[in-house]
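Some comments on this model follow, as numbered points.

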Amino acid sequence: FDWSSIDTSHLPSSYKTNSRQEKELLQLADHFLEQYTHLCPDRKPLFVHPVNECGVQKFVSTTLRPTLLPFPDLYYWSGCASFVCDYLIMEPLKCPITLPSSLYSPTTILRYQRGNCFDFSVLLCSLLIGAGYDAYCVHGYATLEMCALDQTQEVCPLLRKPPEVPEEEDPNKYRIKYPIEPQSKFELQQKAKEEEEIEPEQEEEIEEEVEVEKPKRDPLHGLRVHAWVLVLSGKRKVPETFFINPFTGNHHSTTDECFLGIESIWNHRNYWVNMQDCRQGCKDLSFDLSDSICWEVMFSESNEPSELPTESPKKDTDDTQEKGEIDMSFEMPLSWVARIKVSYREYENPFSQGKKVILYNKAKLEKWAAYANGDGLVERVTVYADSDCTEEVEVKEWFKHREDLLYMREVNKQTQLITDYFRPGHPLLLKAHSYTSLEPETGHTVEYYHTARVDGLWKRFENATEMTEYFVGREDFLHTRHIELGERDTEMQTAGMGTDANYRPIVQIKEYFHRNPEKPADEDIEERTFMVIDDIIELTYHLEVHDTIASKVVFCRVIGREKREDEIFLSRENSVTYQPWSSEKHKNMLYLYNLLWELRAEQKLLKQQVRDSEAEMLNILTVREDEEANIKLSVSMYNTAK
């Protein structure tokens, strides 16, 4: 991009000329620089009054234009930082070890959507000060990766795992210590020998990998000029001082080793020079700007003259006294920059090139504006198996404004397993759906928002031969139901009947229950099995604290007798009970007869529930297939731009 060809004819007069106050400000700045270069001849030049886009010298503090834009996200530092890094295209400094000769206004930078680190920092600092933060632009030195916006050695922030919370050890020192499982010393010695033989080969392979991945040492380390933003604690309830890298919008600690030193900082009111030793980077720096030993302020905030002139050599005593009489409590002129404006359309579509691509370590992040893609896709992370990014392992996608409430999709490229995640409010109460194909009976796992369901179902898995349902918060304490299904009748399939009418035969239904404390253990069922084809019903009861063997009841089919739906034949031959702790009533045949009647009715209801579950899964697949074929994006009624 050729900055010399930009049109400056439309710019206000404040861009092209200096007011009386600005001229006086530049004189005071020159006076300060003379004293600074005299007292600190070994220090690098300061970034004080570069020229603007019209070739006019402007003091850096007046280039800041505190602005609060009318967007809720830009009231917070994270929103401001992400907007700046997304909206602007990064341009490296012409010379990495020298300061830029110019500093353009934030309005020009926003118009052309590009700039160097100083342009990024001035715009971001203007937004942060406007939002109420105690923010400062920083001129200093950083690593090659930070200056060149090279993130190929970093982990993608969307893939970072939350830190694991260490488990607290049991403070009871008197707890029982169980004996360790005995191990053979000879086997351990043989295993150690094998590891010693393998280790040298592995170390060589690791060293080769490290040599490939480890970046080469930068010959300009510590000399590369960079600009970023400092946010001091205090205002806006900021608990701790931190840095913001304007290229990435990331939050960094002041002890981060990527920041190698600071020359000066400034805001819209003053300018401070760092007088502290930066040989150890920024980790030992004090950011108490009222400490005159650590920070030399250009314009004293009181009526006292600056300390710099009084420290000059004796031979310049006369000149020093004259200069020392100058009142340095100068009031900073208002910014010469026009009002910063960002339209809603510009805010919603920050990417000038349509999308933004960021390369990380074995990962690639792509970003789009909302409504840029017809399917609502706004972010995609592709994870690779190698550093050259050739073999895809996993893809994660994020969506916005979809009517089907889909907000994230994970695709495992090795197993081709797709997992869709939904926000609350889907008509089918879907929370997540895992599948390899939207064809029925190909292996589907569906999670629901169970609090919105009457039956408490939160998860269901189904394939061609089985179905498993998981429940939570039910009054009957049911938590799992497993159904085994047989093969569909081939004769009926060839006759042209679809899967809706030609159901798979139910082989077995098994249910698991939590303990009901209101019932005795030998009356509280833990596991209930209906072997439908074999006509066997098996009950297993919960155990009491002192029990070792669970009570059981098994009802078998009578061999050689025709089965009728409205008839129950019960004898001691086809019923087996083992209830060692039960009372006499449980051994009564009448009690078992009534229990069998209840179980027969339950089995009939369960069969219907299984058919309903199969129909529900078919309906989910039909709806999801239709939603994917006809994707619709919702638009807020307050979005006048759309």
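Helices (H or I, at least four residues) and strands (E, at least two) are DSSP runs, numbered from the N terminus. The model is a predicted one.

1. Overall content. The protein chain holds 13 helices and 25 strands. It has 642 residues, of which 43% count as buried. Among contacts with a separation of 6 or more, 55% are between residues 24 or more positions apart. The accessible surface of the chain is about 37,200 Å², and carbon and sulfur atoms make up 50% of that surface.

2. Leucine 159. This residue sits in the loop between helix H7 (144-147) and helix H8 (185-213). Which residues does leucine 159 touch, not counting residues up to four places away in sequence? They are Ala363, Val381, Val383 and Lys396.

3. Helix H8. Glutamate 194 is located in helix H8. Together with Glu195, Glu196 and Glu197, Glu194 forms a negative surface patch.

4. Glutamine 113. The loop between helix H5 (106-112) and strand E2 (114-115) contains glutamine 113. Its phi is near 55 degrees, a positive value in a residue other than glycine. Is glutamine 113 buried or exposed? Glutamine 113 counts as buried because its relative accessibility is 15%, under the 20% limit.

5. Lysine 237. Another positive phi in a residue other than glycine occurs at lysine 237, with a value near 60 degrees. Lysine 237 belongs to the loop between strand E4 (225-231) and strand E5 (242-245). With a relative accessibility of 80%, lysine 237 counts as exposed, since the limit for that class is over 50%.

6. Nonpolar surface patch. Which residues form a nonpolar patch on the surface? Leu68, Tyr75 and Tyr76 do, and together they have about 310 Å² of accessible area. Leucine 68 is placed in the loop between helix H3 (60-63) and helix H4 (77-87). At 48% relative accessibility, leucine 68 is counted as partly exposed, because exposed requires over 50%.

Conventions: Residues are numbered from 1 along each chain as its sequence is written. This is a predicted model: local features need pLDDT of at least 70, side-chain atom pairs count only at pLDDT 80 or more; totals for chains, interfaces and linings use all residues. Side-chain values use heavy atoms; hydrogens and water are left out. Contact means heavy atoms within 4.5 Å. Patches are made of residues with over 30% relative accessible area and no salt bridge: like charges are joined within 9 Å, nonpolar side chains (Val, Leu, Ile, Met, Phe, Trp, Tyr) within 5 Å. Accessible areas come from the Shrake-Rupley method with a 1.4 Å probe; for residues, only the protein chains shown count as cover. A salt bridge is a side-chain nitrogen of Lys or Arg within 4 Å of a carboxyl oxygen of Asp or Glu. Lys and Arg count as positive and Asp and Glu as negative; His and the chain ends are not counted. The place of a charge is taken as NZ of Lys, CZ of Arg, CG of Asp or CD of Glu. Buried means under 20% relative accessible area, exposed over 50%, partly exposed in between (1.4 Å probe, protein chains only).
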